[in-house]
Amino acid sequence: MKRRTITFQLILFVVLAFLQSRFFYSQLPFHRYLPDLAFILIIFASIQTGRKNSHWIGFLGGFLLHAFMQPDSVLGVYAFILTIICFIAGQMKGRLIIDPILLPLLYVFAALIMKGMFLFIFSLLPDLEICRISFIDFVISTAITTLCAPIIYNIMRLFRLIDLNERIRK
Amino acid sequence: MQGKVRDWLKKRQVILQFSLLLLISLIIVFVSRPFYRNEMTGAGFYITTLFDRAASESGEKVEVIGDQLLSRKQMKKKIQLLEEKVESLEQLIASSADKDNRVFLNNKNNADLNLINQNEDYLSFNAVSADIMARNPDPFSDSLIISAGSYKNIKNNQAVVAVTDNQVALVGRIVLVTPWSASIRPIYHSRSSIGSRLKKERYEGILKGQGDPSRPLDLSYLNKNAQKILNSGDVVITSGLSSIYPAGIDIGRISTIKRNILGPVLDLEVIPLVNFDKLETVYVLTEKSE
(Lines give C-alpha, C1' and ligand atoms only; values in the text may rest on other atoms or scores of the structure.)
Protein backbone atom coordinates (compact mmCIF):
# COMPACT_ATOMS: atom_id res chain seq x y z
CA MET A 1 0.00 0.00 0.00
CA LYS A 2 2.83 2.42 0.93
CA ARG A 3 4.59 1.82 -2.36
CA ARG A 4 1.36 2.45 -4.30
CA THR A 5 0.80 5.68 -2.43
CA ILE A 6 4.34 6.84 -3.16
CA THR A 7 4.00 5.99 -6.85
CA PHE A 8 0.66 7.77 -7.07
CA GLN A 9 2.07 10.88 -5.36
CA LEU A 10 5.09 10.82 -7.64
CA ILE A 11 2.89 10.71 -10.71
CA LEU A 12 0.87 13.66 -9.46
CA PHE A 13 4.02 15.60 -8.69
CA VAL A 14 5.38 14.94 -12.20
CA VAL A 15 2.21 16.34 -13.79
CA LEU A 16 2.42 19.43 -11.59
CA ALA A 17 6.08 19.89 -12.47
CA PHE A 18 5.24 19.86 -16.19
CA LEU A 19 2.70 22.60 -15.65
CA GLN A 20 4.82 24.60 -13.21
CA SER A 21 7.85 24.77 -15.44
CA ARG A 22 5.89 26.97 -17.85
CA PHE A 23 4.94 29.62 -15.25
CA PHE A 24 8.47 30.63 -14.38
CA TYR A 25 9.29 32.12 -17.78
CA SER A 26 8.31 35.72 -17.20
CA GLN A 27 9.59 35.82 -13.62
CA LEU A 28 13.18 34.73 -14.10
CA PRO A 29 15.98 36.63 -15.84
CA PHE A 30 17.55 33.43 -17.24
CA HIS A 31 14.35 32.14 -18.82
CA ARG A 32 16.20 30.37 -21.62
CA TYR A 33 17.75 27.94 -19.15
CA LEU A 34 14.95 26.74 -16.92
CA PRO A 35 15.65 23.51 -14.96
CA ASP A 36 13.83 20.44 -16.28
CA LEU A 37 12.10 19.46 -13.01
CA ALA A 38 9.97 16.83 -14.67
CA PHE A 39 13.03 15.05 -16.04
CA ILE A 40 14.63 14.95 -12.56
CA LEU A 41 11.45 13.49 -11.07
CA ILE A 42 11.17 10.83 -13.77
CA ILE A 43 14.76 9.72 -13.08
CA PHE A 44 14.16 9.43 -9.33
CA ALA A 45 10.80 7.74 -9.87
CA SER A 46 12.41 5.12 -12.10
CA ILE A 47 15.20 4.49 -9.55
CA GLN A 48 12.50 4.16 -6.86
CA THR A 49 10.46 1.75 -8.99
CA GLY A 50 13.37 -0.55 -9.75
CA ARG A 51 14.32 -2.68 -12.74
CA LYS A 52 10.93 -4.38 -13.27
CA ASN A 53 8.87 -1.31 -14.23
CA SER A 54 11.21 1.63 -14.68
CA HIS A 55 11.07 1.39 -18.50
CA TRP A 56 7.27 1.88 -18.33
CA ILE A 57 7.78 5.12 -16.41
CA GLY A 58 10.20 6.32 -19.08
CA PHE A 59 7.90 5.29 -21.94
CA LEU A 60 4.80 6.97 -20.51
CA GLY A 61 6.77 9.95 -19.22
CA GLY A 62 8.14 10.52 -22.71
CA PHE A 63 4.65 10.85 -24.20
CA LEU A 64 3.57 13.12 -21.34
CA LEU A 65 6.63 15.29 -21.94
CA HIS A 66 5.76 15.53 -25.63
CA ALA A 67 2.13 16.45 -24.98
CA PHE A 68 2.76 19.17 -22.40
CA MET A 69 6.16 20.63 -23.07
CA GLN A 70 7.29 20.01 -26.63
CA PRO A 71 4.76 21.32 -29.12
CA ASP A 72 7.25 21.24 -31.99
CA SER A 73 9.01 17.92 -31.44
CA VAL A 74 8.45 14.52 -33.06
CA LEU A 75 6.10 12.11 -31.28
CA GLY A 76 7.98 9.15 -29.85
CA VAL A 77 11.48 10.64 -29.60
CA TYR A 78 11.28 11.42 -25.91
CA ALA A 79 9.49 8.13 -25.23
CA PHE A 80 12.38 6.30 -26.90
CA ILE A 81 15.08 8.24 -25.05
CA LEU A 82 13.42 8.12 -21.63
CA THR A 83 12.65 4.38 -21.95
CA ILE A 84 16.36 3.71 -22.29
CA ILE A 85 17.47 6.18 -19.61
CA CYS A 86 14.85 5.04 -17.08
CA PHE A 87 15.61 1.36 -17.78
CA ILE A 88 19.26 2.02 -16.91
CA ALA A 89 18.25 4.15 -13.89
CA GLY A 90 16.00 1.34 -12.65
CA GLN A 91 19.00 -0.99 -12.53
CA MET A 92 20.56 1.34 -9.94
CA LYS A 93 17.97 0.63 -7.26
CA GLY A 94 19.51 -0.86 -4.15
CA ARG A 95 23.06 -0.94 -5.52
CA LEU A 96 24.36 2.16 -3.74
CA ILE A 97 23.43 4.08 -0.63
CA ILE A 98 22.34 7.41 -2.00
CA ASP A 99 23.71 10.38 -0.10
CA PRO A 100 21.65 13.60 -0.11
CA ILE A 101 23.87 15.54 -2.53
CA LEU A 102 26.46 13.80 -4.67
CA LEU A 103 24.70 10.74 -6.07
CA PRO A 104 21.42 12.49 -7.05
CA LEU A 105 23.64 15.03 -8.83
CA LEU A 106 25.61 12.31 -10.64
CA TYR A 107 22.56 10.29 -11.66
CA VAL A 108 20.78 13.31 -13.14
CA PHE A 109 23.96 14.57 -14.81
CA ALA A 110 24.56 11.19 -16.47
CA ALA A 111 20.92 11.01 -17.55
CA LEU A 112 21.09 14.52 -19.07
CA ILE A 113 24.29 13.68 -20.98
CA MET A 114 22.61 10.58 -22.41
CA LYS A 115 19.51 12.61 -23.34
CA GLY A 116 21.70 15.18 -25.10
CA MET A 117 23.57 12.44 -27.02
CA PHE A 118 20.39 10.76 -28.21
CA LEU A 119 18.82 14.07 -29.25
CA PHE A 120 21.98 14.98 -31.16
CA ILE A 121 21.85 11.63 -33.00
CA PHE A 122 18.17 12.14 -33.81
CA SER A 123 18.85 15.69 -35.00
CA LEU A 124 21.18 14.27 -37.67
CA LEU A 125 18.31 12.36 -39.26
CA PRO A 126 16.52 14.26 -42.04
CA ASP A 127 12.84 15.27 -41.72
CA LEU A 128 12.79 14.98 -37.93
CA GLU A 129 12.22 18.38 -36.37
CA ILE A 130 14.78 18.13 -33.60
CA CYS A 131 16.60 21.43 -33.00
CA ARG A 132 20.31 21.39 -32.53
CA ILE A 133 21.42 23.76 -29.80
CA SER A 134 24.81 25.31 -29.23
CA PHE A 135 27.25 23.56 -26.93
CA ILE A 136 27.20 26.44 -24.45
CA ASP A 137 23.38 26.36 -24.24
CA PHE A 138 23.53 22.61 -23.62
CA VAL A 139 26.19 22.98 -20.92
CA ILE A 140 24.31 25.75 -19.11
CA SER A 141 20.92 24.01 -19.20
CA THR A 142 22.51 20.72 -18.07
CA ALA A 143 24.36 22.47 -15.24
CA ILE A 144 21.22 24.25 -13.98
CA THR A 145 19.11 21.09 -14.07
CA THR A 146 21.87 19.05 -12.40
CA LEU A 147 22.23 21.57 -9.58
CA CYS A 148 18.47 21.36 -8.91
CA ALA A 149 18.64 17.55 -8.54
CA PRO A 150 19.78 17.37 -4.89
CA ILE A 151 17.23 20.04 -3.94
CA ILE A 152 14.34 18.12 -5.54
CA TYR A 153 15.61 14.83 -4.06
CA ASN A 154 15.74 16.24 -0.53
CA ILE A 155 12.33 17.92 -0.82
CA MET A 156 10.83 14.61 -1.93
CA ARG A 157 12.58 12.82 0.95
CA LEU A 158 11.27 15.44 3.39
CA PHE A 159 7.69 14.79 2.28
CA ARG A 160 8.34 11.02 2.29
CA LEU A 161 7.57 10.83 -1.42
CA ILE A 162 10.73 8.83 -2.09
CA ASP A 163 13.16 6.52 -0.30
CA LEU A 164 15.86 5.31 -2.64
CA ASN A 165 17.74 3.53 0.18
CA GLU A 166 14.69 1.48 1.20
CA ARG A 167 15.88 -1.81 -0.26
CA ILE A 168 19.36 -1.55 1.29
CA ARG A 169 17.99 -0.79 4.74
CA LYS A 170 15.66 -3.80 4.57
CA MET B 1 7.97 -27.52 -24.93
CA GLN B 2 5.36 -24.89 -24.16
CA GLY B 3 6.47 -24.90 -20.54
CA LYS B 4 10.07 -24.28 -21.58
CA VAL B 5 9.06 -21.37 -23.80
CA ARG B 6 6.90 -19.95 -21.03
CA ASP B 7 9.78 -20.23 -18.53
CA TRP B 8 12.18 -18.62 -21.01
CA LEU B 9 9.75 -15.72 -21.57
CA LYS B 10 9.15 -15.31 -17.84
CA LYS B 11 12.87 -15.09 -17.08
CA ARG B 12 13.41 -12.47 -19.77
CA GLN B 13 10.15 -10.60 -19.23
CA VAL B 14 11.78 -7.26 -18.34
CA ILE B 15 14.17 -7.28 -21.33
CA LEU B 16 11.36 -8.24 -23.70
CA GLN B 17 9.09 -5.49 -22.39
CA PHE B 18 11.94 -2.99 -22.68
CA SER B 19 12.70 -4.04 -26.28
CA LEU B 20 9.03 -3.90 -27.20
CA LEU B 21 8.63 -0.38 -25.81
CA LEU B 22 11.75 0.78 -27.70
CA LEU B 23 10.43 -0.73 -30.91
CA ILE B 24 7.00 0.90 -30.48
CA SER B 25 8.49 4.32 -29.80
CA LEU B 26 10.86 4.01 -32.81
CA ILE B 27 7.96 3.02 -35.07
CA ILE B 28 5.97 6.00 -33.82
CA VAL B 29 8.91 8.33 -34.51
CA PHE B 30 9.25 7.26 -38.14
CA VAL B 31 5.56 6.79 -38.88
CA SER B 32 4.19 9.84 -37.09
CA ARG B 33 2.77 12.47 -39.37
CA PRO B 34 2.10 16.11 -38.49
CA PHE B 35 -1.65 15.44 -38.22
CA TYR B 36 -1.34 12.87 -35.40
CA ARG B 37 1.46 14.84 -33.75
CA ASN B 38 -0.51 18.08 -33.76
CA GLU B 39 -3.68 16.43 -32.45
CA MET B 40 -1.85 15.14 -29.39
CA THR B 41 0.30 18.20 -28.80
CA GLY B 42 -2.70 20.40 -29.54
CA ALA B 43 -4.62 18.76 -26.70
CA GLY B 44 -1.77 19.23 -24.23
CA PHE B 45 -1.06 22.74 -25.52
CA TYR B 46 -4.76 23.65 -25.11
CA ILE B 47 -4.72 22.59 -21.44
CA THR B 48 -1.39 24.09 -20.45
CA THR B 49 -2.05 27.46 -22.07
CA LEU B 50 -5.25 27.70 -20.02
CA PHE B 51 -3.01 27.61 -16.94
CA ASP B 52 -0.56 30.05 -18.55
CA ARG B 53 -3.33 32.51 -19.26
CA ALA B 54 -4.89 32.06 -15.81
CA ALA B 55 -1.52 32.60 -14.14
CA SER B 56 -0.61 35.70 -16.14
CA GLU B 57 -4.06 37.31 -15.76
CA SER B 58 -4.49 36.45 -12.10
CA GLY B 59 -0.99 37.78 -11.41
CA GLU B 60 -2.03 41.10 -12.90
CA LYS B 61 -5.28 41.12 -10.91
CA VAL B 62 -3.49 40.41 -7.61
CA GLU B 63 -1.09 43.26 -8.30
CA VAL B 64 -3.96 45.67 -8.97
CA ILE B 65 -5.89 44.62 -5.84
CA GLY B 66 -2.73 44.97 -3.73
CA ASP B 67 -2.11 48.50 -5.02
CA GLN B 68 -5.70 49.47 -4.33
CA LEU B 69 -5.70 48.12 -0.78
CA LEU B 70 -2.44 49.84 0.12
CA SER B 71 -3.17 53.24 -1.34
CA ARG B 72 -6.93 53.66 -0.81
CA LYS B 73 -6.72 57.09 0.79
CA GLN B 74 -4.24 58.36 -1.77
CA MET B 75 -6.48 57.07 -4.55
CA LYS B 76 -9.44 59.00 -3.17
CA LYS B 77 -7.44 62.23 -3.15
CA LYS B 78 -6.09 61.56 -6.65
CA ILE B 79 -9.59 60.84 -7.95
CA GLN B 80 -10.76 64.15 -6.57
CA LEU B 81 -7.89 65.99 -8.26
CA LEU B 82 -8.47 64.15 -11.51
CA GLU B 83 -12.16 64.99 -11.47
CA GLU B 84 -11.30 68.68 -11.16
CA LYS B 85 -8.80 68.38 -14.02
CA VAL B 86 -11.30 66.59 -16.25
CA GLU B 87 -13.82 69.33 -15.59
CA SER B 88 -11.36 72.03 -16.57
CA LEU B 89 -10.29 70.06 -19.68
CA GLU B 90 -13.88 69.64 -20.75
CA GLN B 91 -14.35 73.38 -20.46
CA LEU B 92 -11.19 73.91 -22.50
CA ILE B 93 -12.32 71.53 -25.24
CA ALA B 94 -15.77 73.06 -25.36
CA SER B 95 -14.34 76.53 -25.74
CA SER B 96 -11.72 75.47 -28.28
CA ALA B 97 -12.22 76.74 -31.83
CA ASP B 98 -10.80 73.52 -33.41
CA LYS B 99 -13.57 70.91 -33.02
CA ASP B 100 -11.34 68.11 -34.31
CA ASN B 101 -8.84 68.37 -31.44
CA ARG B 102 -8.19 64.95 -29.84
CA VAL B 103 -6.43 64.07 -26.64
CA PHE B 104 -3.69 61.64 -27.56
CA LEU B 105 -2.95 59.02 -24.98
CA ASN B 106 0.60 57.79 -24.61
CA ASN B 107 -0.18 54.29 -25.85
CA LYS B 108 2.66 52.43 -27.54
CA ASN B 109 0.27 49.82 -28.96
CA ASN B 110 -1.68 52.46 -30.87
CA ALA B 111 1.53 53.96 -32.31
CA ASP B 112 2.80 50.55 -33.36
CA LEU B 113 -0.50 49.54 -34.97
CA ASN B 114 -0.54 52.80 -36.89
CA LEU B 115 2.96 52.11 -38.16
CA ILE B 116 1.91 48.67 -39.41
CA ASN B 117 -1.40 49.78 -40.93
CA GLN B 118 0.19 52.68 -42.80
CA ASN B 119 2.68 50.40 -44.58
CA GLU B 120 1.32 49.61 -48.04
CA ASP B 121 2.85 46.08 -47.92
CA TYR B 122 0.39 45.09 -45.16
CA LEU B 123 -2.77 46.68 -46.56
CA SER B 124 -4.40 43.28 -47.12
CA PHE B 125 -3.74 42.19 -43.52
CA ASN B 126 -5.04 42.97 -40.05
CA ALA B 127 -2.45 43.25 -37.30
CA VAL B 128 -3.61 41.46 -34.13
CA SER B 129 -1.52 42.39 -31.11
CA ALA B 130 -0.59 39.74 -28.54
CA ASP B 131 1.70 39.55 -25.53
CA ILE B 132 4.27 36.81 -25.12
CA MET B 133 3.20 34.93 -22.01
CA ALA B 134 5.49 31.88 -22.03
CA ARG B 135 8.46 30.40 -23.73
CA ASN B 136 9.09 26.67 -24.09
CA PRO B 137 11.76 25.99 -21.40
CA ASP B 138 13.50 23.17 -23.28
CA PRO B 139 16.22 24.71 -25.47
CA PHE B 140 15.88 21.73 -27.87
CA SER B 141 12.46 22.92 -29.01
CA ASP B 142 12.23 26.72 -28.96
CA SER B 143 8.87 28.40 -29.42
CA LEU B 144 7.07 31.47 -28.10
CA ILE B 145 3.54 31.26 -26.66
CA ILE B 146 1.28 34.31 -27.15
CA SER B 147 -1.98 35.35 -25.49
CA ALA B 148 -4.18 35.36 -28.59
CA GLY B 149 -5.68 32.47 -30.49
CA SER B 150 -8.34 31.44 -32.99
CA TYR B 151 -10.97 33.65 -31.33
CA LYS B 152 -9.00 36.59 -32.80
CA ASN B 153 -8.94 34.92 -36.23
CA ILE B 154 -5.36 33.62 -35.80
CA LYS B 155 -4.54 30.54 -37.89
CA ASN B 156 -1.55 28.29 -38.60
CA ASN B 157 1.19 29.65 -40.89
CA GLN B 158 0.32 33.31 -40.37
CA ALA B 159 3.30 35.65 -40.21
CA VAL B 160 4.19 37.36 -36.91
CA VAL B 161 5.98 40.72 -36.73
CA ALA B 162 7.16 43.11 -34.03
CA VAL B 163 7.91 46.82 -33.98
CA THR B 164 11.46 47.65 -33.02
CA ASP B 165 13.11 51.09 -33.34
CA ASN B 166 10.11 52.35 -35.33
CA GLN B 167 10.53 49.53 -37.80
CA VAL B 168 8.34 46.50 -38.49
CA ALA B 169 10.46 43.31 -38.39
CA LEU B 170 9.72 39.60 -38.79
CA VAL B 171 9.48 37.43 -35.67
CA GLY B 172 8.32 34.09 -37.09
CA ARG B 173 5.15 32.18 -37.97
CA ILE B 174 2.28 30.56 -36.13
CA VAL B 175 2.62 26.76 -35.84
CA LEU B 176 -0.02 25.76 -33.29
CA VAL B 177 -3.32 27.47 -32.33
CA THR B 178 -5.92 27.04 -29.57
CA PRO B 179 -8.92 29.35 -29.01
CA TRP B 180 -6.97 31.55 -26.54
CA SER B 181 -3.29 31.13 -27.37
CA ALA B 182 -0.87 30.24 -30.12
CA SER B 183 2.69 29.03 -30.55
CA ILE B 184 5.22 30.89 -32.73
CA ARG B 185 8.20 29.26 -34.45
CA PRO B 186 10.77 32.07 -34.39
CA ILE B 187 12.99 32.88 -37.38
CA TYR B 188 16.11 31.66 -35.52
CA HIS B 189 14.60 28.13 -35.12
CA SER B 190 16.92 25.59 -36.76
CA ARG B 191 14.06 24.33 -38.97
CA SER B 192 12.99 27.81 -40.02
CA SER B 193 13.49 28.53 -43.71
CA ILE B 194 12.41 31.89 -45.21
CA GLY B 195 12.39 32.98 -48.85
CA SER B 196 14.13 36.36 -48.73
CA ARG B 197 15.81 39.01 -50.85
CA LEU B 198 18.14 41.96 -50.42
CA LYS B 199 16.09 45.14 -50.09
CA LYS B 200 18.24 47.37 -52.31
CA GLU B 201 19.97 44.93 -54.64
CA ARG B 202 16.88 42.58 -54.97
CA TYR B 203 18.92 39.35 -55.17
CA GLU B 204 17.01 36.35 -53.72
CA GLY B 205 18.15 33.67 -51.29
CA ILE B 206 17.00 31.32 -48.50
CA LEU B 207 17.36 32.47 -44.89
CA LYS B 208 17.83 29.72 -42.27
CA GLY B 209 17.98 29.82 -38.47
CA GLN B 210 20.79 28.37 -36.36
CA GLY B 211 18.67 27.36 -33.35
CA ASP B 212 19.96 30.17 -31.13
CA PRO B 213 18.67 33.78 -31.02
CA SER B 214 22.16 35.09 -30.28
CA ARG B 215 23.62 33.55 -33.44
CA PRO B 216 23.17 35.21 -36.86
CA LEU B 217 20.89 33.72 -39.51
CA ASP B 218 22.36 32.10 -42.61
CA LEU B 219 21.41 33.58 -46.01
CA SER B 220 22.40 31.11 -48.73
CA TYR B 221 22.01 30.49 -52.47
CA LEU B 222 22.54 34.13 -53.40
CA ASN B 223 23.77 34.90 -56.88
CA LYS B 224 27.54 35.36 -56.65
CA ASN B 225 27.33 38.59 -58.68
CA ALA B 226 25.73 40.20 -55.61
CA GLN B 227 29.01 40.30 -53.71
CA LYS B 228 30.28 43.11 -55.96
CA ILE B 229 27.54 45.53 -54.91
CA LEU B 230 26.30 44.58 -51.45
CA ASN B 231 27.67 45.89 -48.17
CA SER B 232 27.61 44.97 -44.53
CA GLY B 233 24.51 46.55 -42.96
CA ASP B 234 22.24 46.11 -46.01
CA VAL B 235 18.71 45.12 -45.09
CA VAL B 236 17.23 41.69 -45.92
CA ILE B 237 13.45 41.40 -46.46
CA THR B 238 10.97 38.60 -47.16
CA SER B 239 10.57 37.81 -50.86
CA GLY B 240 6.93 36.66 -50.64
CA LEU B 241 7.65 33.65 -52.85
CA SER B 242 6.94 31.06 -50.13
CA SER B 243 3.32 32.24 -49.69
CA ILE B 244 3.68 32.02 -45.90
CA TYR B 245 5.42 35.33 -45.28
CA PRO B 246 4.10 38.42 -47.13
CA ALA B 247 6.67 40.21 -49.24
CA GLY B 248 8.57 43.21 -47.97
CA ILE B 249 8.87 42.53 -44.22
CA ASP B 250 12.28 43.49 -42.84
CA ILE B 251 14.13 40.54 -41.32
CA GLY B 252 17.68 41.64 -40.51
CA ARG B 253 20.89 43.28 -41.59
CA ILE B 254 23.91 41.67 -43.25
CA SER B 255 26.73 41.25 -40.74
CA THR B 256 29.26 39.07 -42.58
CA ILE B 257 29.81 38.32 -46.25
CA LYS B 258 31.43 34.88 -46.57
CA ARG B 259 33.70 35.25 -49.55
CA ASN B 260 33.68 31.90 -51.37
CA ILE B 261 35.99 32.05 -54.35
CA LEU B 262 35.34 28.50 -55.63
CA GLY B 263 31.64 27.96 -54.86
CA PRO B 264 28.84 28.93 -57.29
CA VAL B 265 26.69 30.77 -54.74
CA LEU B 266 27.17 33.38 -52.04
CA ASP B 267 26.54 32.88 -48.31
CA LEU B 268 25.88 35.71 -45.87
CA GLU B 269 25.27 36.06 -42.16
CA VAL B 270 22.28 38.19 -41.16
CA ILE B 271 21.58 39.60 -37.70
CA PRO B 272 17.83 39.75 -36.97
CA LEU B 273 16.35 43.20 -36.32
CA VAL B 274 14.22 41.81 -33.48
CA ASN B 275 15.89 41.37 -30.07
CA PHE B 276 14.21 38.14 -28.93
CA ASP B 277 15.45 38.47 -25.35
CA LYS B 278 13.53 41.75 -24.93
CA LEU B 279 10.46 40.85 -26.97
CA GLU B 280 7.15 41.49 -25.14
CA THR B 281 4.49 42.32 -27.74
CA VAL B 282 4.06 40.87 -31.24
CA TYR B 283 1.54 41.42 -34.06
CA VAL B 284 0.03 38.55 -36.03
CA LEU B 285 -0.82 39.42 -39.65
CA THR B 286 -4.29 37.96 -40.17
CA GLU B 287 -6.21 38.17 -43.43
CA LYS B 288 -8.69 40.98 -43.82
CA SER B 289 -12.22 39.56 -44.20
CA GLU B 290 -14.13 40.97 -47.16
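Q: In what order do the elements of chain A run from the N terminus on?
A: This is a predicted model, in which local features need pLDDT of at least 70 and side-chain atom pairs count only at pLDDT 80 or more, while totals for chains, interfaces and linings use all residues. Residues are numbered from 1 along each chain as its sequence is written, chains are lettered from A and ligands numbered from 1 in the order in which they are written, and side-chain values use heavy atoms, with hydrogens and water left out. Helices (H or I, at least four residues) and strands (E, at least two) are DSSP runs numbered from the N terminus, and chain A has seven helices and zero strands. From the N terminus on, the order is therefore α-α-α-α-α-α-α.

Q: How much of the accessible surface of chain A belongs to carbon and sulfur atoms?
A: Of the 170 residues of chain A, 57% count as buried, where buried means under 20% relative accessible area, exposed over 50% and partly exposed in between, with a 1.4 Å probe and protein chains only. The accessible area, from the Shrake-Rupley method with a 1.4 Å probe, comes to about 8,100 Å² for chain A, and the part that belongs to carbon and sulfur atoms is 72%.

Q: At which angle do the axes of H2 and H5 of chain A cross?
A: Two packed helices are described by the angle between their axes and the distance between the axes. Axes are lines fitted to C-alpha atoms, for helices over the stretch in contact, and angles run from 0 to 180 degrees between N-to-C directions. For helix H2 (residues 37–49) and helix H5 (residues 102–124) of chain A, the axes come within 10 Å and cross at roughly 115 degrees.

Q: Which word describes the orientation of H2(A) to H5(A)?
A: Angles under 35 degrees count as roughly parallel, over 145 as roughly antiparallel, 65 to 115 as roughly perpendicular and the rest as oblique. The axes of these helices cross at roughly 115 degrees, and that makes H2(A) and H5(A) roughly perpendicular.

Q: Which residues of H5(A) meet H2(A)?
A: Contact means heavy atoms within 4.5 Å. From H2(A) come A:Phe39, A:Ile40, A:Ile43, A:Phe44 and A:Ile47, and these meet, in H5(A), A:Pro104, A:Tyr107, A:Val108, A:Ala111, A:Leu112 and A:Lys115.

Q: Are H4(A) and H2(B) roughly parallel or roughly antiparallel?
A: The axes of helix H4 (residues 77–90) of chain A and helix H2 (residues 13–31) of chain B come within 7 Å and cross at roughly 160 degrees. H4(A) and H2(B) are therefore roughly antiparallel.

Q: How many nonpolar residues does the contact of H4(A) with H2(B) have?
A: On the side of H4(A), the contact is made by A:Val77, A:Ala79, A:Phe80, A:Thr83, A:Ile84 and A:Phe87, and residues of H2(B) in it include B:Phe18, B:Leu22 and B:Ser25. Ala, Val, Leu, Ile, Met, Phe, Trp, Tyr, Cys and Pro count as nonpolar, Asp, Glu, Lys and Arg as charged, and the others, Gly among them, as polar. By class, this contact has two polar residues, no charged residues, and a nonpolar count of 12.

Q: What share of the residues in chain B is buried?
A: The secondary structure of chain B comes to five helices and 12 strands. Chain B exposes about 17,500 Å², of which carbon and sulfur atoms supply 54%. Among the 290 residues in chain B, the buried share is 41%.

Q: Is B:Ile194 buried or exposed?
A: B:Ile194 lies in strand S6 (residues 193–198) of chain B. Not counting residues up to four places away in sequence, B:Ile194 touches residues including B:Leu170, B:Leu207 and B:Tyr245. With a relative accessibility of 1%, B:Ile194 counts as buried.
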